[in-house]
Amino acid sequence: MLEDTSFAIHPEKEGQIGNTSFQDIGHFNSFEQTERGYRFYCQKGTVDIIFYRPEIVRVVMHPQNASELDGSRAVVGKQQPVDAAITQTEDNIKLESERLSIIIEKRPLRIQIFDDKQTPLLIEKERGMGIKASGEVICFKEMTPDDHFYGFGEKTGFLDKRGEKYEMWNTDVYAPHNPETDPLYQSIPFFMTFRNGRAHGLFFDNTHKTVFDLKTDQEHYSFMAEGGQLDYYVFAGPSPKDVLEQYTDLTGRMPLPPKWALGYHQSRYSYETEQEVRELARMFREKKIPVDVIYLDIHYMDGYRVFTFDRERFPAPEQLIADLKEEGIRVVPIVDPGVKKDPEYTIYQEGIYGDYFCKYLEGDVYTGDVWPGESAFPDFTDEKVRRWWGEKHQFYLKHGIEGIWNDMNEPAVFNDTKTMDIKVMHRNDGKPETHRVLHNIYGMMMGKATYEGMKKGLKGKRPFLLTRAGFAGIQRYAAVWTGDNRSFWEHLQMSLPMVMNLGLSGVAFAGPDVGGFAHDTNGELLTRWMQVGAFTPYFRNHSANGTIRQEPWSFGEEYEKIMKKYIELRYQWLPQLYTLFRQANQTGVPVMRPLFMEFPYDPKTYQLHDQFMVGDNVIVAPILSPGVTDRAVYLPEGEWVDYFSGRIYEGKRVHLIHAELDHLPVFVRRGTIIANGDTKQSTMEKDTQMTLHVYASQLGDYHYTFYDDDGETFEYEQGKSLDIHIKLNCTSEYIELDYETVNHKYQPLYETIEVVVHHLEDGQKVKINGKTIDQTQGQVITDIPIR
């Protein structure tokens with residue numbers, strides 16, 4: 001608790017950790033081919049090298065025994081058959097797939113990994129893998145001056161993480177987040193190295209407390225864990241998108257969310273009564289401000305007991321939820337893991353009788369203090385417990401609830417360590433381990449239990465789950481928000497690289513608390529943050545009790561009008577966003593992207609953290625400071641159109657852009673396409689009109705897939721969707737649009753898709769599937785039939 005005081009730099013604390021040097025893995029002794037790969041025996045342990053795909057290789061070092069190759073909670077991808085050649089000399093052994101070359105130096109054992117162009121990816125020379133007698137494991141890799149590092153999940157600071165040192169240990173942090181605040185709620189031990197336009201990735205699959213050090217040594221970086229084996233995967237890339245495809249093939253991809261989860265969400269800690277919730281919904285509908293979700297924080301419960309309603313505050317929750325759904329508004333309640341220790345409380349009784357709670361080795365149930373007071377915690381590492389917890393969500397389902405918000409699931413406990421006693425034993429599906437080993441997966445396993453229980457109970461409808469804590473693979477179950485931020489301009493600034501790096505870590509569905517959770521916001525800050533939120537994958541306004549209210553109308557008509565405009569814009573852009581979520585579902589590529597992902601050979605994009613892309617062709621450059629109405633915007637190669645004014649800007653240049661409070665700079669690249677739909681009050685209103693906006697150019701090809709489905713069920717997994725592949729070819733004479741409906745098993749309400757071609761040059765003509773279309777005043781409007 002004294003870490004927030006000057007005690008944190010007490011001289012007596014120096015040297016308490018890290019004063020024992022690591023022992024090197026030592027010399028190679030022998031090797032053998034195993035059923036899954038190759039095993040190398042060394043002086044201080046064994047090393048397994050296993051190809052999962054030609055471009056994915058796994059390296060596992062165990063300091064004492066044979067490596068444990070199964071049981072990962074993060075990895076769901078299966079090992080594929082890979083033809084690998086092996087050659088041996090006196091000094092080394094070489095393993096080669098179609099895409100990777102691995103050279104194993106013998107004395108001492110060092111691993112060098114190259115791609116199929118013989119470009120070095122991971123190099124070990126003076127230092128390699130090491131161990132300590134106390135169980136820590138470490139690996140060093142060479143770092144070049146051209147290396148940039150991205151990912152690492154949920155971390156504060158700038159986009160490029162070079163020069164930083166990060167710890168992975170899920171932690172409840174209410175204190176103000178700043179660039180040195182670490183760790184936070186999520187532990188995703190994956191990163192991407194980007195060098196001279198090419199990328200490769202590394203995933204360290206270890207659930208212990210881990211540390212990534214890109215700071216201490218200018219020529220090496222390292223990753224270490226407090227225990228377990230050194231187990232990491234290398235992804236050859238070579239593009240950033242390739243790395244994400246490979247990583248999410250291994251750890252899983254997000255399911256398509258229900259469309260209502262992509263709308264605007266309103267929350268507060270707390271809307272404390274049924275009357276307050278009804279009044280909130282009435283205000284949104286009266287003011288015609290779109291909204292899809294209202295959240296219930298902990299005050300809806302009876303004494304903070306999960307799976308209950310306080311019947312004084314919420315006397316008729318089922319009717320409330322039904323009435324709001326009639327208005328197109330879903331209700332999402334918070335569910336924490338802590339179960340109040342109360343012998344008269346049914347959930348606690350079931351947990352005791354069913355042996356569902358976390359225990360010490362000696363058999364005593366662990367309890368800790370959270371919102372309900374002394375509480376027990378379900379052991380989500382056990383399948384029996386996960387099934388029980390999932391079934392308990394029938395309580396919410398019978399009230400008409402389709403989405404859940406998991407909080408405090410690091411797990412957070414109100415004590416000096418902020419979490420559960422690390423001596424607690426988890427059953428871990430038959431492989432018991434202490435909480436010290438499994439702490440980082442507790443939140444993800446709670447998410448798994450919740451998501452799977454909701455999915456089963458909804459009988460074909462898609463659930464929505466929001467989580468604070470997670471591990472690699474959390475994208476399979478939940479969206480992520482960045483926790484208890486503040487209503488500071490600095491936190492608005494920081495949210496952009498945080499969400500981009502989450503996307504670069506496989507978590508495409510992410511966002512911050514818009515407006516800031518703690519502290520008092522103001523009209524200007526909330527308005528600018530709402531503008532950003534309109535283009536952020538997850539769009540929720542949330543604030544703490546005791547702070548000024550921050551609903552869209554809280555600061556008067558001037559601000560309300562602007563915020564309403566951008567919330568409406570969110571709904572107009574939902575078809576484009578939904579198409580991008582489908583890409584994330586299929587390939588792992590994020591919705592919200594850093595510019596370097598689309599322009600990997602442009603060095604000006606490598607550290608650009610205050611602009612972002614939506615998909616591959618839209619740049620958003622928000623105002624991030626008070627009183628500012630002009631900002632520098634870098635536009636990469638190509639020509640770019642201001643989405644609102646239509647003004648054209650030349651690429652590969654920095655432009656000074658004027659943006660009054662009501663304006664968000666948004667630019668669309670010429671020679672590309674975006675889809676827009678209807679303005680609506682809720683996603684429950686289906687689109688009756690769909691428009692493809694084609695931004696004409698004089699040069700280039702562009703491929704676009706328009707995607708739609710019912711937005712509610714899992715029938716898309718059986719192919720019930722609308723997929724239209726479009727090829728756009730731009731020359732000085734023609735804008736040629738060729739389309740093919742490759743899947744038409746879903747029929748939307750709209751019978752045609754309007755095509756609007758903007759910014760035609762003099763003499764340019766438009767052809768659609770070979771037919772020349774009439775034009776008027778530099779613009780062409782036509783339709784694509786889909787019935």
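Modeller: Buried means under 20% relative accessible area. The model here is predicted.

Colleague: Which residues of H2 are buried?

Modeller: In H2 the buried residues are Glu274, Val277, Leu280, Ala281, Met283, Phe284 and Arg285. Among the elements that cover them are strand S21 (265-266), strand S22 (293-296) and helix H3 (317-326).

Colleague: What makes the span of helix H2 agree with its 13 residues?

Modeller: Helix H2 covers residues 274-286, and at 1.5 Å a residue it should span 18 Å. Its end C-alpha atoms are 18 Å apart, so the two values agree. After H2 comes Lys288, with a positive phi near 55°.

Colleague: Why is Cys139 called buried?

Modeller: The cut-off is under 20%. Cys139 has 0% relative accessibility, so Cys139 counts as buried. Cys730 is buried too, because its relative accessible area is 2%.

Colleague: How many disulfides are there?

Modeller: A pair of cysteine sulfur atoms has to be within 2.5 Å, and by this rule the count is 0 disulfides. Cys139 is in no disulfide, as the nearest cysteine sulfur, in Cys42, is 12 Å away.

Colleague: Which residues touch the most other members of the largest nonpolar core?

Modeller: They are Phe203, Trp389, Phe464 and Phe535, in a core of 163 residues. Helix H8 (residues 442-458) gives the most to this core, with 8 residues. Beyond its neighbours within four places in sequence, Trp389 is in contact with residues including Val306, Phe307, Pro337, Phe380 and Met446. A second, separate core has 42 residues, among them Leu95, Ile131, Phe212 and Tyr221.

Conventions. Residues are numbered from 1 along each chain as its sequence is written. This is a predicted model: local features need pLDDT of at least 70, side-chain atom pairs count only at pLDDT 80 or more; totals for chains, interfaces and linings use all residues. Side-chain values use heavy atoms; hydrogens and water are left out. Helices (H or I, at least four residues) and strands (E, at least two) are DSSP runs, numbered from the N terminus. The expected span of a helix is 1.5 Å times one less than its number of residues. Buried means under 20% relative accessible area, exposed over 50%, partly exposed in between (1.4 Å probe, protein chains only). Contact means heavy atoms within 4.5 Å. A nonpolar core is a set of buried Ala, Val, Leu, Ile, Met, Phe, Trp, Tyr and Cys residues joined through side-chain atoms within 4.5 Å.
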